[in-house]
Amino acid sequence: MCRVLTDLLNPEGLHGQGEKYLKSFLNIIFDEEDSEGICSTAHVYKEYPITKDKRIDIVIASADRFIPIEVKINAGEQKSQCFDYFNF
């Protein structure tokens with residue numbers, strides 16, 4: 001699932017739609033002006049490493065934002081998972 005979501009959010013994804021899906025997703029979370037700014041410098045990563053043995057499922061990183069996305073399909077939160085991300 002993460003591969004599909006990462007590709008959809010990635011402006012350079014195989015879908016060939018550029019920023020369309022990322023911008024739509026960000027418009028739900030932020031106002032339109034912020035979404036434009038984030039999209040212009042965004043990079044989307046799958047399984048972004050934060051420690052030797054911990055990874056964030058999907059990360060949208062731009063010049064001034066770091067947006068972690070944890071994909072929970074048939075999985076529970078690990079102990080201190082969100083706190084570990086916050087500390088990172």
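**A friendly note on this predicted model**

1. The largest nonpolar core has 13 residues, and Leu9, Leu22, Leu26, Ile58 and Ile60 are the ones that touch the most other members. H1, H2, helix H3 (32–41), S2 and S3 are the elements that give two or more residues to this core. A nonpolar core here is a set of buried Ala, Val, Leu, Ile, Met, Phe, Trp, Tyr and Cys residues joined through side-chain atoms within 4.5 Å. Buried means under 20% relative accessible area, exposed over 50%, and partly exposed in between, with a 1.4 Å probe and protein chains only. In soluble globular proteins, nonpolar side chains tend to be buried together.

2. A word on what you are looking at. This is a predicted model, in which local features need pLDDT of at least 70 and side-chain atom pairs count only at pLDDT 80 or more, while totals for chains, interfaces and linings use all residues. Residues are numbered from 1 along each chain as its sequence is written, and side-chain values use heavy atoms, with hydrogens and water left out.

3. Now for the overall plan. The chain holds four helices and three strands, arranged along the sequence as α-α-α-β-β-β-α. Helices (H or I, at least four residues) and strands (E, at least two) are DSSP runs, numbered from the N terminus. Of the 88 residues in the chain, 30% are buried.

4. The three strands form an open sheet in the order S1-S2-S3, with antiparallel pairing. Strand S1 (43–49) and strand S3 (66–69) are the edge strands, each pairing on one side only. Two strands pair if DSSP finds at least two bridges between them; S1 and strand S2 (residues 55–61) are joined by six. Across this pairing, Lys46 stands opposite Ile58 in S2.

5. Which residues of H1 are buried? They are Cys2, Thr6 and Leu9. Seen down the axis of H1, these buried residues fall within an arc of 70°, so they line one face of the helix; the arc is that of the directions from the helix axis to the C-beta atoms. Arg3 and Val4, on the other side of H1, are exposed. The buried residues of H1 pack against H2, S1, S2 and S3.

6. A polar atom of its side chain lies 2.7 Å from the backbone oxygen of Cys2. Not counting residues up to four places away in sequence, Thr6 touches Val44, Tyr45, Lys46 and Ile58, where contact means heavy atoms within 4.5 Å.

7. Where does His15 lie? His15 sits in the loop between helix H1 (2–9) and helix H2 (20–29). With a relative accessible area of 19%, His15 is buried. Polar atoms of the His15 side chain lie 3.3 Å from the backbone oxygen of Leu8 and 2.9 Å from the backbone nitrogen of Gln17. Leaving aside neighbours within four places in sequence, His15 is in contact with Asp7, Leu8, Asn10 and Tyr21.

8. Finally, back to a core residue. Leaving aside its neighbours within four places in sequence, Leu26 is in contact with Ser35, Ile38, Cys39, Ile60 and Ile67. For the chain, among contacts between residues at least 6 apart in sequence, 33% join residues at least 24 apart.

Key:
Polar contact = N/O pair within 3.5 Å; in protein donor to acceptor, adjacent residues only side chain to side chain.
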